Amino acid sequence: MSNQTPVLRIRGLTKHYGGVKALTEANFALAPGEHAAIVGDNGAGKSTFVRLITGVEQPNDGTICIDGKEVNFDSPLDARDQGIETVYQTLALAEDLDVPANIFLGREKVLVNLGPLSILNHKAMREESVNMLATTGVKIQDMSETLRGMSGGQRQCVAIARAAGFAKKMIILDEPTAALGIQETARVEEIIKGLKARGVPLIIISHNLRQVFDLADRIWVFRQGRIVASVLKKDSNPEQIVGLITGAVSPDNVPGATDLLTAISVFRET
Ligand SMILES: Nc1ncnc2c1ncn2[C@@H]1O[C@H](COP(=O)(O)OP(=O)(O)OP(=O)(O)O)[C@@H](O)[C@H]1O
Ligand SMILES: [Mg+2]
């Protein structure tokens, strides 16, 4: 990947909440088509990182480049407009709407465009929703039912189907299978492998190292609000990653683990 412009390049990203240093000077890069995993203990700053790069919150410091161009997302909609789809750890779905309305929330299909009086194309949205959900394998008995009656796992599948269906540039999943059963987890992992085959770059946050080693090309380790290591999966193993997460293994003793954090020249700069 050394001669490619990264699809995502982060430098010095920092977020402090009062005295809490949630994220400090994070450097990160994602190559075209690459699937990266982010690991780290509870409170290590992983979700904060996702909120900063998708415009949910603004950083105190640092820069974010997409395809070599610096961006400033004022809101999650800004990021979405650029083809970045995110499934947040705390779900952003509307309980009182049905599945198609949730999937097309903010990008409704219209038959007649009259601004706020537009007539929506419910049939098209319903049909596309059925297709998107089919990819996750989740069974929704009645598409006109609101999300209120659904389990956490079913809701999660709706969110993942939505993100996978719309992702053009990149997809970010914050612990997508933490609440899912074995079958649903397997299906979501199939979706992720499908995105890999389509060349859609992806970031997945997971505590499940079996999953991480199954899905990721590269693993980024967060520890106490800092990114401490970046290793290629093929050069690592679960024991080493656990050691990096807990601090038992020093990144200085892992060949290549700190290269991407410091030597920006790993990627061609633009
Ligand atoms: N809005 C906030 N206000 C104050 N502190 C916050 C806020 N959001 C996060 N933090 C703190 O920032 C740190 C990092 O939190 P974050 O949610 O990013 O961790 P995480 O790595 O995603 O953890 P987990 O694996 O439990 O999801 C924690 O100490 C957390 O308490
Ligand atoms: Mg989190």
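Hi everyone, let me start with a definition: a residue is buried if 20 or more other C-beta atoms lie within 10 Å of its own, exposed if 12 or fewer, and partly exposed in between, with C-beta atoms placed from the backbone. Helices (H or I, at least four residues) and strands (E, at least two) are DSSP runs, numbered from the N terminus.

Now, what are we looking at? This is a predicted model, where local features need pLDDT of at least 70 and side-chain atom pairs count only at pLDDT 80 or more, while totals for chains, interfaces and linings use all residues. Residues are numbered from 1 along each chain as its sequence is written, and chains are lettered from A and ligands numbered from 1 in the order in which they are written.

Let's begin with helix α1. How many of its 8 residues are buried? The count is 7, so α1 is mostly covered. The buried ones are K46, T48, F49, V50, R51, L52 and I53. After α1 comes G55, with a positive phi near 80 degrees.

The helix also takes us to the ligand. For the shell, a residue is near a molecule if its C-beta atom, placed from the backbone, lies within 6 Å of it. Around ligand 1 we find Y17, V20, A22, G40, N42, G43, A44, G45, K46, S47, T48 and Q89. Which element gives the most to this shell? Helix α1 does, with 3 residues. Both β2 (20-30) and α1 (46-53) supply at least two residues each.

A word on classes: Ala, Val, Leu, Ile, Met, Phe, Trp, Tyr, Cys and Pro count as nonpolar, Asp, Glu, Lys and Arg as charged, and the others, Gly among them, as polar. Sorted that way, the shell around ligand 1 has 4 nonpolar, 7 polar and 1 charged residues.

Next, please find the pair of helices α5 (residues 152-166) and α6 (residues 182-198). They pack at an angle of about 5 degrees, and their axes are 11 Å apart. That angle makes α5 roughly parallel to α6. Axes here are lines fitted to C-alpha atoms, for helices over the stretch in contact, and angles run from 0 to 180 degrees between N-to-C directions. Angles under 35 degrees count as roughly parallel, over 145 as roughly antiparallel, 65 to 115 as roughly perpendicular and the rest as oblique.

Who meets whom? From α5 we have G153, C157, I160 and A164, and they meet E184, V188, I191 and L195 of α6. Two residues are in contact if their C-beta atoms, placed from the backbone, lie within 7 Å. The residues of this contact divide into 6 nonpolar, 1 polar and 1 charged. An α-helix has 3.6 residues a turn, so residues three or four places apart point the same way.

Staying in α6, look at I192. It is buried, because 24 other C-beta atoms lie within 10 Å. Setting aside neighbours within four places in sequence, I192 is in contact with L202, I204 and L215. I192 and H35 are 157 residues apart in sequence, yet their C-alpha atoms are 8.9 Å apart in space.

Not counting residues up to four places away in sequence, V200 touches A167, M170, I171 and L195.

Another loop residue is V138, between α4 (122-136) and α5. With 23 C-beta neighbours inside 10 Å, V138 counts as buried. Beyond four places in sequence, V138 touches L133, Q154, C157 and E184.

That brings me to the core. A nonpolar core is a set of buried Ala, Val, Leu, Ile, Met, Phe, Trp, Tyr and Cys residues joined through C-beta atoms within 7 Å. The largest one has 74 residues, and those with the most contacts inside it are A37, I160, M170, I171, I204, I219 and V221. Its largest share, 7 residues, comes from α5.

Last stop, the backbone. Most residues other than glycine have a negative phi, and most peptide bonds are trans. Against that, E175 has a positive phi near 50 degrees, and E175 is found in the loop between β9 (170-174) and α6. Q224, also not a glycine, has a positive phi of about 50 degrees, and Q224 lies in the loop between β11 (218-223) and β12 (226-232). Is E175 buried or partly exposed? E175 counts as partly exposed, with 19 C-beta neighbours inside 10 Å. Q224 is partly exposed, with 13 other C-beta atoms within 10 Å.
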